[in-house]
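Dear colleague,

I am handing over the structure we spoke about, and below it you will find what came out of going through it. Please read the notes with the structure open beside them.

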Amino acid sequence: MIEFQQVRKRYANGHEALANINFTVERGEMAFVTGRSGAGKSTMLKLLALIERPSDGEIIVNGHQLNKITPRQIPSYRRGVGVIFQDHKLLNDRTVFDNVALPLVIAGAPHREINRRVQAALSKVDLLSKLRQNPGSLSTGEQQRVGIARAVVNKPPLILADEPTGNLDPELSLEVMRLFANFNHIGATVLIVSHDQLLVEQLGQRRLMLHEGRLKNAPMVRTTGGLPPGVAPAMPSVNPRSAGRNPGAKR
Amino acid sequence: MAAKKGAVKKAAVKKSAVKRGASRGVSAQKASASPVLAGVKVDSMRRAQMLMYSLGRLTAQPFTTALIIAVVGVALALPVAFSVLLANLDEAGARSDGRVQASLFLEERISDERATTLAVQLEKKPEVLAARALSREQSLTEFRELSDFDAALALLDENPLPATIILSLNDQIQSPTALAGFVHELQRLPEVEVAQLDELWLQRLFAIVSLLKRAALLIAIMLGVAVTIVVGTTIGLEIQNRRDEIAVTKLVGGTDAFIRRPFLYSGLWYGLGGGLLAIVLVFIALFALGGPVNQLASLYGSDYRLGGLSLLQFLGTLLAGAGLGMLGSWLAVSRQLKDIQPD
Ligand SMILES: Nc1ncnc2c1ncn2[C@@H]1O[C@H](COP(=O)(O)OP(=O)(O)O)[C@@H](O)[C@H]1O
Ligand SMILES: [Mg+2]
């Protein structure tokens with residue numbers, strides 16, 4: 001699903017944020033990218049979201065060769081990838097509903113479908129009650145969850161998240177991670193960036209460790225046991241109230 | 001009545017040269033947008049909803065919107081007023097009663113027989129009521145009767161006159177000035193050396209009207225460019241205000257066509273609003289001028305009345321406004337969309 005080959009990223013100011021990156025994430029896999037601040041984690045995600053282009057090397061995602069993709073192909077590639085950004089990238093002059101609906105509106109989904117899917121996505125992140133508010137009036141943690149709802153509303157085959165728990169308290173962090181595990185469970189490939197070593201270790205998934213732009217554990221160490229008992233994907237939703245009504249994100 | 005219709009048709013044809021420029025931009029957009037949209041269903045219901053939504057956005061800033069519409073309206077009103085004026089001038093020309101006659105003096109080399117067949121051909125044209133061919137001999141005879149050059153002609157041993165065709169033109173289907181244009185076209189026939197309308201005043205009116213038509217076209221083009229620039233600049237500012245929104249939309253997979261659409265709708269509304277205002281302004285001007293014109297006409301013992309906007313001019317104005325508005329926003333969006341990238 002994701003393949004990096006000899007990828008190097010040097011920014012315009014000459015700073016080399018990534019050097020000689022090689023790794024593969026298989027379809028249906030869930031993996032974490034960890035590393036200290038400034039290690040190049042966001043840069044990696046920006047390459048995957050086509051916000052930045054690699055200076056060298058090949059990136060192949062979902063059949064698209066990102067280092068060669070043409071401007072016309074970019075929108076359809078992006079529609080197949082749900083990205084949660086570190087800075088949320090929400091529209092503050094639109095309601096939470098409209099923010100989450102945007103990918104569906106772009107895809108030309110019918111009205112009722114949009115209604116249904118947006119409500120399902122918002123209930124998964126426990127924000128159904130904030131439907132009509134603007135993101136600006138929400139807490140950072142709530143904004144983060146709006147971003148998650150927008151990223152998954154289209155049921156993309158690939159989900160990328162940059163510090164999705166960065167602004168959440170530990171308890172909520174674990175629930176959000178469970179949510180990602182759920183999406184992975186029903187088939188999505190998930191790549192999550194986090195500097196929270198403890199949390200990631202707790203989840204026991206495969207880890208890519210970045211240090212100063214280089215991968216430290218290149219051919220991956222992989223915890224094969226899946227999720228530890230406490231975070232088993234059996235729990236379908238972070239929202240205890242909607243858990244019964246909303247049986248996961250069945251495709 | 002019929003003559004006026006013809007004149008209006010002609011004015012509309014001239015004006016459509018400007019409109020064509022505008023609508024070409026629009027259809028080019030459609031052509032390039034559809035492949036991008038392939039696979040993205042946008043049903044017409046949604047499109048209509050978004051159109052109304054964009055109207056809502058504009059009314060949220062009533063002052064700016066009113067200002068733009070005022071500028072567009074005034075700019076459109078001038079060429080519209082001009083074309084109404086021209087239609088009226090043509091109408092005034094049509095007030096001549098009786099037939100309009102024209103003479104075609106053929107080339108020296110054209111035989112009398114060829115002149116006769118040409119006359120038969122010309123008679124089939126709808127503008128021509130009757131065509132009478134005069135042989136060189138008959139031409140000479142008529143000329144002798146009509147002029148005092150009898151003695152002078154007698155001195156020449158050869159007939160200097162070519163064969164001639166006398167046309168009676170139908171001013172019921174076309175205005176006299178339009179017929180004058182028709183006679184000008186006949187001038188281009190290889191057999192014809194000189195084609196002229198026999199009524200001198202009509203020739204002058206034709207010359208004036210065609211000069212004014214050209215001037216009107218130039219004014220329309222210049223003001224059309226101005227409208228495009230005004231709308232383009234306004235939309236350009238709106239795009240700058242919505243940079244973040246555009247970047248985020250791109251980030252979640254919005255195509256350029258999708259992002260462009262609401263701005264095209266804004267341009268459409270500005271143009272339609274301006275077109276409507278232009279029509280209102282022209283009606284006000286006609287109302288204000290109507291009294292004095294009637295007075296003037298009655299001084300000349302005429303019952304001439306100032307004509308208003310035809311349906312074609314009405315629709316043409318709206319269409320031109322809409323087209324130019326969309327062209328302006330199309331240009332603005334095309335220029336800026338590439339520069340707005342998520343970071
Ligand atoms: N646009 C940019 N221009 C120049 N340097 C950048 C840019 N973005 C990030 N960097 C630098 O690249 C390095 C990696 O940044 P980033 O990928 O954001 O790290 P992380 O997300 O792991 O904290 C940092 O040293 C950062 O300062
Ligand atoms: Mg980062």
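Chain A contains 7 helices and 10 strands, and 55% of its 251 residues count as buried. Please keep in mind throughout that this is a predicted model. When contacts in chain A between residues at least 6 apart in sequence are considered, 69% of them join residues that are at least 24 apart.

Chain B, with 343 residues, of which 47% count as buried, is built with 11 helices and 4 strands. For chain B, 82% of the contacts between residues at least 6 apart in sequence join residues at least 24 apart.

The metal site comes next. The magnesium ion, which is ligand 2, is coordinated in chain A by OG of Ser42(A) and OE1 of Gln86(A), at 2.0 to 2.5 Å. These two residues bring together distant parts of the chain, since Ser42(A) belongs to helix α1 (residues 41-48) whereas Gln86(A) sits in the loop between β6 (81-84) and α3 (96-106), 44 residues apart. Ser42(A) is partly exposed, because its relative accessible area is 21% and the buried class ends under 20%. Gln86(A) also counts as partly exposed, at 40% relative accessibility.

The loop that holds Gln86(A), between β6 and α3 of chain A, is also where His88(A) is found. The phi angle of His88(A) is near 65 degrees, a positive value in a residue other than glycine, and at 9% relative accessibility His88(A) counts as buried. Asn62(A), in the loop between β4 (56-61) and β5 (64-65) of chain A, likewise has a positive phi, near 55 degrees, but counts as partly exposed at 26% relative accessibility. I mention both because most residues other than glycine have a negative phi.

Turning to the interface, chain A and chain B bury about 1900 Å² between them, and 58% of this area is on carbon and sulfur atoms. On the side of chain A, the residues that lose the most area to chain B are Arg78(A), Lys89(A) and Ile106(A), which together account for 28% of what that side buries. The contact takes 21 residues from chain A and 21 residues from chain B.

How many salt bridges does the rule find across the interface of chain A and chain B? There is 1, and the side chains that meet in a salt bridge are those of Arg94(A) and Glu245(B), with a distance of 2.2 Å from N to O. The count of residue pairs in polar contact between the chains, with both residues at pLDDT 80 or more, is 4. On the side of chain A that touches chain B, at least two residues are supplied by each of α2 (74-79), α3 and α4 (111-124), and the largest share, 4 residues, comes from α3(A). By residue class, that side of chain A divides into 12 nonpolar, 2 polar and 7 charged residues.

One local detail in chain B may be worth a look. Thr255(B) lies in the loop between α9 (243-251) and α10 (256-299), and with a relative accessible area of 4% Thr255(B) is buried. A polar atom of the side chain of Thr255(B) lies 3.1 Å from the backbone nitrogen of Phe258(B).

With best regards

Key: Residues are numbered from 1 along each chain as its sequence is written. Chains are lettered from A and ligands numbered from 1 in the order in which they are written. This is a predicted model: local features need pLDDT of at least 70, side-chain atom pairs count only at pLDDT 80 or more; totals for chains, interfaces and linings use all residues. Side-chain values use heavy atoms; hydrogens and water are left out. Donors are N, O and S atoms within 2.8 Å of the metal (3.2 Å for Na, K and Ca); water is not among the atoms, so sites may look incomplete. Buried means under 20% relative accessible area, exposed over 50%, partly exposed in between (1.4 Å probe, protein chains only). Contact means heavy atoms within 4.5 Å. Buried area is the accessible area (1.4 Å probe) that two parts lose on being put together, summed over both. A salt bridge is a side-chain nitrogen of Lys or Arg within 4 Å of a carboxyl oxygen of Asp or Glu. A polar contact is a pair of N or O atoms within 3.5 Å; within protein, one must be able to donate a hydrogen and the other to accept it, and residues adjacent in sequence count only if both atoms are side-chain atoms. Ala, Val, Leu, Ile, Met, Phe, Trp, Tyr, Cys and Pro count as nonpolar, Asp, Glu, Lys and Arg as charged, and the others, Gly among them, as polar.
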